[in-house]
Amino acid sequence: MTSPIEPGQDAERIPHGIAASWGVAAAPQRGPKRELTLERITEVAIEIADEEGLDAVSMNRVATKLGFTPMSLYRYVSGKDDLLQLMFDAASDVPLGTFDGSWREQLTQWGAIVRAGYRAHPWLSSMPPSSTPSTPNRIAIVEAGIHAQRSLSLPANLKLTVTMLLLGYIGMFQLASHDTVHDSVRAALPELVTEDRFPTLAPLVAEGLFDEPMNDSDQVFFFGFNRFLDGIEAWMREGVDGALERDHGLPAAVTKDGKVRDALKSVREAEGRLRAAQAKAAQAIDRVTERERKAAAKAEAKAKKRAKTD
């Protein structure tokens, strides 16, 4: 299917960095044609971030490493924010595929692959994902996470919620694994964390709990990841309807009332109809936008044809 957005049309519709990640940003009109590309600029920026961290990335630094002037880069990206968006998406290109096994096994395989991307590019975790993914590789990750839950009898919006919660855990775990505590501080902790102030933690510190950084081990990561899945499984055993009512934060005595249960059910059904209507409206807008674009293009072509014959 042809995209309703064509190169050059993004300026008034979506930010340039996101448009570039989708390949619909306007192409540079002047400057180097072959030696410099958007892909190469992004690749070098990622190399710098991998080696020295995200703070080391700047337009000047990337240009210098490429052997060009900073102004050459501005013909391809409008600034550092655009570049960061492109880096975030490119580094999120992980080998997603069809997973096998139960929904838990498939989500675990998905989580391991996504985590591998964060480990390959540690700076990714310092760029928290948006609640609305907007670039192709980030959307592909969310798509695969939802697809891994296809055997679950859950509404699509809840599968999306599960996916985003797990993505948040993966990113936060990687971020927490970056231990920047100075060795002198670590050595002083047994003296600073005293039993009179921290009676529960002090004995653990004395035993050497913080002698070494809490490493980014598979065991620690999947302990937390599996507790998320345990919670989802336990939640589903309660029955989705009952769990949804409990999640409104109402006392059990209230949610047991027949009228309240009926009302909550009506709310869920209304929300479902609203989401369907919003999706239908979005599709209608896209169709009309595409029709108007084609009509404008046709009118422009006719005008040019008339101008040639006059």
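Guide: Let us begin at the surface, where Phe198, Leu201, Leu204 and Leu209 make a nonpolar patch of about 310 Å². This is a predicted model, in which local features need pLDDT of at least 70 and side-chain atom pairs count only at pLDDT 80 or more, whereas totals for chains, interfaces and linings use all residues. Residues are numbered from 1 along each chain as its sequence is written, and side-chain values use heavy atoms, with hydrogens and water left out.

Visitor: How is a patch defined?

Guide: Patches consist of residues with over 30% relative accessible area and no salt bridge; like charges are joined within 9 Å, and nonpolar side chains (Val, Leu, Ile, Met, Phe, Trp, Tyr) within 5 Å. Accessible areas come from the Shrake-Rupley method with a 1.4 Å probe, and for residues only the protein chains shown count as cover.

Visitor: Where does Leu201 lie?

Guide: Leu201 is in the loop between helix H9 (183-192) and helix H10 (202-206). Helices (H or I, at least four residues) and strands (E, at least two) are DSSP runs, numbered from the N terminus. Buried means under 20% relative accessible area, exposed means over 50%, and partly exposed lies in between (1.4 Å probe, protein chains only). Leu201 counts as partly exposed because its relative accessibility is 34%.

Visitor: Is Gln149 buried or exposed?

Guide: Gln149 counts as buried, because its relative accessibility is 0%. This residue belongs to the loop between helix H7 (136-147) and helix H8 (156-176). Leaving aside residues up to four places away in sequence, Gln149 touches Leu107, Lys159, Val162 and Thr163, where contact means heavy atoms within 4.5 Å. The C-alpha atoms of Gln149 and Trp103 are separated by 5.3 Å, although the two residues are 46 residues apart along the chain.

Visitor: What should I know about the interior?

Guide: In soluble globular proteins, nonpolar side chains tend to be buried together. A nonpolar core is a set of buried Ala, Val, Leu, Ile, Met, Phe, Trp, Tyr and Cys residues joined through side-chain atoms within 4.5 Å. Here the largest such core has 56 residues, and Val62, Met87, Trp110 and Trp123 have the most contacts inside it. Among the elements that give two or more residues to this core are helix H1 (16-21), helix H5 (80-91) and helix H6 (103-120). Not counting residues up to four places away in sequence, Trp110 touches several residues, including Leu96, Phe99, Ile141 and Leu166.

Visitor: How many salt bridges does a search of the whole structure find?

Guide: Side chains of opposite charge can pair when their charged atoms come close. A salt bridge is a side-chain nitrogen of Lys or Arg within 4 Å of a carboxyl oxygen of Asp or Glu. The search finds nine salt bridges. One of them joins the side chains of Arg40 and Glu43 (3.0 Å, N to O); both residues lie in helix H2, three residues apart, about one turn of the helix.

Visitor: Which residues are linked with Arg40 in a network of salt bridges?

Guide: The network links Arg40, Glu43, Glu47 and Lys65. The side chains of Glu47 and Lys65 meet at 3.5 Å, N to O. That pair links distant parts of the chain, with Glu47 in helix H2 and Lys65 in helix H3, 18 residues apart.

Visitor: Which residue pairs with Glu233 in a salt bridge?

Guide: The side chain of Glu233 meets that of Arg104 in a salt bridge (2.9 Å, N to O). Glu233 in helix H11 and Arg104 in helix H6 are 129 residues apart. Glu233 is partly exposed, because its relative accessible area is 29%, whereas Arg104 is buried, with 18%.
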